[in-house]
Amino acid sequence: MTASIDSGELRERIIAGGEFALVDVRESGPFAHGHVLSACNLPLSRLELGIAALLPRKATFVVLTDGGDGLSRRATGVLQTMGYGDIAVHEGGIEAWQAAGGEVFEGINVPSKAFGECIESACATPALDADEVHRRIAAGDDIIVLDGRPFSEYGDFAIPGALSCPNSELARHITDLVPSPSTTVVVNCAGRTRSIIGAQTLRNTGLANPVHALENGTIGWEWAGHSLEYGAGRRPGGTSASSHAWGIEACRRMASATGLGEIDEATLDDWLKDESRTLYRFDVRSPEEHARGVLAGMTAIEGTQLVQETDSWIAVRDARIVLGDDCGTRSRFAGHWLKQMGYCDVHVLDTDHVLPVPSTPPDAPMVPPGEAAADGWTILDLSSSLQYISCHPAGAFWALRSRLAGCAPAADRGLAVLDDEGGRLAALAVTDLAVLGIGARVLEGGLEAWIAAGLPVAAGHEGALCAMDDRGEAPFGILDDPDGAKRRYIAWEKGLPAQIERDGLLSFRPVTEPQGEH
């Protein structure tokens, strides 16, 4: 029989600390409409794909929560078959938590976004509004705007003339980018968090330049009536020896100020043998580097995004965390912030031992796109709803894997399944469908192969068999009022510290003492 835990017991367990994980198995949309602050979101539909990274130690005590709809009990069976043995179900899910007086949080990546607001307040991180930045640029002032988001997000939309330099890259590039100490540096993101963290990172390095966050990021820029740039591709080139040396020294000071640990390979080997502790290992280099290979045994996540999305990557708060990097700046950037977020056992391992990225075809029967199209097979797309809306095989259906039992499409000739996970999710769905008495195959090569075969594609919502609940910013993404949605989002971010204080389950440890000469 599966163990259960009520909301009062869950609250006591969270307060007690120690190795423990709370995993919410609803889709991202319902999760974003309201969840327990301490919960990580891993939807039942993708549970097998993400659980090993989220819970690397199978003996860890894990509580599964949901919307009171039975998803946790379904997820328990999946985890038990994968070797996880210490599992409890949160009775009644989020509704029971709220009924017991628990605080319910909207949005995604709440701890990281609340932390950004906390840093701005504690460190008095200076900001410039959009009109002032626009005026200085137009006047030809000595000013540079650095976009602290990942390069992929920067390409979607950016401040005109801004240079892409993700927050985790700032320290090692900054003296190449601003050789004059009089140049004003402005760091922006789409909203607030990464603008604040990026600006405060440079202040913590001891950079002599005046450094500011762009108030409310690109949202504030648009509010002020200024246009954005689309498809920009500007980014720093190689790092000079002098800039790297400056960056590594600055990051060492930052690491020292927060008590960030440093370990060698022998210590890591000992920790890997320790079955009593959860160990997370993250390769915090860039996505372009990850595409070529990943540091041995580590999970690939850019340092900027690890700090921005802690609840997506670290389910066990009191676990050991090791950060890998081949230059020493990016790992110390991430560790310096994780320590201030309250993760106590964080360490840096400098290494350049890179392993190739393996290519593993899905373990399921497959059908080539041309054959499926010629024979009139039904196509079932399990990709993200955003991907499906953007482009999918013409005539395809869309569904969430967790809801196949109630909405699998009829297939007179054959059913081909595709996804945006390299076929891994589709392979799992083929097994699920077999249990339902439905024969299916993975569409070989997915959408890319379908397009390469010259087969027709479509866009839009048509063909959706269930609600598109896999998008996480649902409380703010109001299609008929985008400006209002952005204003609600910014107000929500600013209100998070007060809500977290009411909740009483999470505290931060910002370092407010100077970490270098400003």
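Residues are numbered from 1 along each chain as its sequence is written, and side-chain values use heavy atoms, with hydrogens and water left out. Because the model is predicted, local features need pLDDT of at least 70 and side-chain atom pairs count only at pLDDT 80 or more, while totals for chains, interfaces and linings use all residues.

Helices and strands here are DSSP runs numbered from the N terminus, with at least four residues (H or I) for a helix and at least two (E) for a strand. Two packed helices are described by the angle between their axes and the distance between the axes. Axes are lines fitted to C-alpha atoms, for helices over the stretch in contact, and the angles run from 0 to 180 degrees between N-to-C directions. Angles under 35 degrees count as roughly parallel, over 145 as roughly antiparallel, 65 to 115 as roughly perpendicular, and the rest as oblique.

Start with helix α12 (residues 241-258) and helix α17 (residues 329-340), whose axes come within 9 Å and cross at roughly 20°. The two helices are therefore roughly parallel. Their crossing is left-handed, a term for a near helix turned anticlockwise from the far one by less than a right angle, with clockwise giving right-handed. On the α12 side, G247, I248, C251, R252, M254, A255 and T258 take part, and they meet T329, R332, H336, K339 and Q340 of α17. Sorted by class, this contact of α12 with α17 has 4 nonpolar, 5 polar and 3 charged residues. Contact means heavy atoms within 4.5 Å. For the classes, Ala, Val, Leu, Ile, Met, Phe, Trp, Tyr, Cys and Pro count as nonpolar, Asp, Glu, Lys and Arg as charged, and the others, Gly among them, as polar.

Helix α12 also packs against helix α10 (residues 193-205), where the axes come within 9 Å and cross at roughly 95°. This is why α10 and α12 are described as roughly perpendicular to each other. T201, N204 and T205 of α10 make the contact with W246, A250, R253 and M254 of α12. Its classes are 3 nonpolar, 3 polar and 1 charged residues.

T201 of helix α10 deserves a separate look. With a relative accessibility of 1%, T201 counts as buried, a word used for under 20% relative accessible area, with exposed for over 50% and partly exposed in between (1.4 Å probe, protein chains only). Apart from neighbours within four places in sequence, T201 touches M254, F333 and W337.

A pair of aromatic rings is described by the distance of the centres and the angle of the planes. Rings of Phe, Tyr and Trp (its six-membered ring) pair if their centres lie within 6.5 Å; planes under 30 degrees apart count as stacked, over 60 as edge-to-face and the rest as tilted. The whole structure has 7 aromatic pairs. In one of them, F115 and F508 have ring centres 5.2 Å apart and planes at 70°, so the pair is edge-to-face. This pair links distant parts of the chain, 393 residues apart: F115 is in helix α6 (residues 110-123) and F508 in the segment after α23 (482-503). F115 is buried at 0% relative accessibility, and F508 is buried at a relative accessible area of 17%. The rings of Y489 and W492 have centres 5.5 Å apart and planes at 40°, so that pair is tilted. Y489 and W492 are 3 residues apart in helix α23, which means a separation of about one helical turn. Both Y489 and W492 are buried.

Two strand residues come next. A213 lies in strand β10 (residues 211-214) and is buried, with a relative accessible area of 3%. Not counting residues up to four places away in sequence, A213 touches P126, A127, L128, V186, V187, S195, I196 and A199. D24, in strand β2 (residues 21-24), is buried at a relative accessible area of 2%.

N109, in the loop between α5 (93-99) and α6, has a phi near 55°, a positive value in a residue other than glycine. N216, in the loop between β10 and α11 (217-223), has a positive phi near 65°.
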